[in-house]
Amino acid sequence: MKKLIFRLMMTLVTVVLITVVLSAVYMKSLEKYALDSSGMPEAITVANTGNSHGLHAFDYSSLPGGFNFALGSQPLQYDASLIERYIDRFSEDATLFIPLSYMSFWGDPTEDEQYEALAMRYMGLLDADGLVLKNKTDYFILKYFSVIRWGDVQTHSIFAQKSDRVVNASESGLSLEELGARRAAYHAALAVQDGELLPMHEPSLDSVRKMVALCRENGVTPVFITTPYTRAYSGGMPEMLLKSFYEAVNSLSEELSVPYFDYSRDSRFADSMFEDSDHLNAQGAALFMQIVSEEILSK
């Protein structure tokens with residue numbers, strides 16, 4: 001009997017060790033989808049946070065010292081964690097653009113279907129305190145036994161290359177107007193249900209305050225900004241949502257004394273400058289960076 005128990009225990013230990021090793025290999029394979037800090041300047045002079053809107057809008061190829069912290073589906077809480085992690089890489093008098101999308105203040109990352117995938121994407125960059133987790137048990141499970149979640153996590157869209165995160169109108173088979181209306185309705189459903197506007201996610205608002213505080217403590221200038229969208233996308237958003245969004249942004253801007261620049265309906269951006277209804281293509285990003293440089297950075 002003792003030999004049987006011993007063998008069972010050894011088998012269990014072996015299985016656990018194999019799972020831990022495979023999980024470490026698996027987590028290593030996910031690093032390519034996380035923030036690539038290898039190209040981060042030693043002294044960042046301008047940077048941005050944000051989700052896929054910021055990812056596609058900010059191109060620092062002509063601005064030495066620039067760095068894009070944005071990733072697809074990145075909530076404000078992860079924005080704040082990344083800035084806290086790398087704030088010492090910012091030079092004094094640097095500028096941090098904090099993009100605020102229409103949906104930035106709604107939705108709890110811990111209730112999102114991508115919750116585990118998001119946490120695993122940042123596992124190699126952030127400690128447990130920097131991750132958005134329901135509890136500490138989740139950190140232990142995802143860090144040491146992540147391989148058992150492979151089937152559920154690997155299929156999420158955040159594990160895609162930048163070019164695959166958006167689908168342009170021609171590829172979708174829809175006109176830009178149809179695609180804009182569809183994407184606006186999809187995003188709006190996160191905040192408006194049964195005709196009622198859901199409460200904003202307070203930790204998201206607090207994350208904005210945290211980023212501003214980090215900037216001020218380190219001599220960095222924070223700037224709120226909304227990137228350009230097509231008329232179809234902005235026009236498809238419910239008025240109650242837009243009203244609440246702008247009230248929140250303007251309130252934060254006044255409370256924190258941070259300037260806000262809104263390019264969401266900027267007529268200088270033709271439909272041909274968008275990859276889809278709400279993401280700029282290379283031509284649009286080039287114009288956006290020119291405008292940002294002239295209207296904000298050079299002031």
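The buried residues of helix 3 (residues 76–86) are covered by elements that include strand 3 (90–99), helix 4 (115–122) and helix 9. Buried here means under 20% relative accessible area, exposed means over 50%, and partly exposed lies in between, with a 1.4 Å probe and protein chains only. The model is predicted: local features need pLDDT of at least 70, side-chain atom pairs count only at pLDDT 80 or more, and totals for chains, interfaces and linings use all residues. Residues are numbered from 1 along each chain as its sequence is written, and side-chain values use heavy atoms, with hydrogens and water left out.

**Overall architecture**
- The chain has twelve helices and seven strands; helices (H or I, at least four residues) and strands (E, at least two) are DSSP runs, numbered from the N terminus.
- Along the principal axes, the C-alpha atoms of the chain fill a box of roughly 80 × 45 × 35 Å.
- Of the 299 residues in the chain, 52% are buried.
- Among contacts (heavy atoms within 4.5 Å) between residues at least 6 apart in sequence, 76% join residues at least 24 apart.

**Helix 3**
- Nine of the eleven residues of helix 3 are buried, and the helix is mostly covered.
- The buried residues of helix 3 are Leu76, Gln77, Tyr78, Asp79, Ala80, Ser81, Leu82, Ile83 and Tyr86.

**Packing of helix 9 on helix 11**
- The axes of helix 9 (residues 202–217) and helix 11 (residues 239–256) come within 11 Å and cross at roughly 30°.
- Helix 9 is therefore roughly parallel to helix 11, a term for angles under 35 degrees.
- Helix 9 contributes Leu205, Val208, Arg209, Val212 and Arg216 to the contact, and helix 11 contributes Leu252, Glu255 and Leu256.
- The residues of this contact comprise five nonpolar, no polar and three charged; Ala, Val, Leu, Ile, Met, Phe, Trp, Tyr, Cys and Pro count as nonpolar, Asp, Glu, Lys and Arg as charged, and the others, Gly among them, as polar.

**Positive phi outside glycine**
- Asp93, in strand 3, has a positive phi near 70° although it is not a glycine.
- Asp93 counts as exposed because its relative accessibility is 68%.
- Ser257, in the loop between helix 11 and strand 7 (260–262), is not a glycine and has a positive phi of about 55°.
- Ser257 is exposed, at a relative accessible area of 56%.

How values were computed:
Axes fitted to C-alpha atoms, helices over the stretch in contact; angles between N-to-C directions. Parallel < 35°, antiparallel > 145°, perpendicular 65-115°, else oblique.
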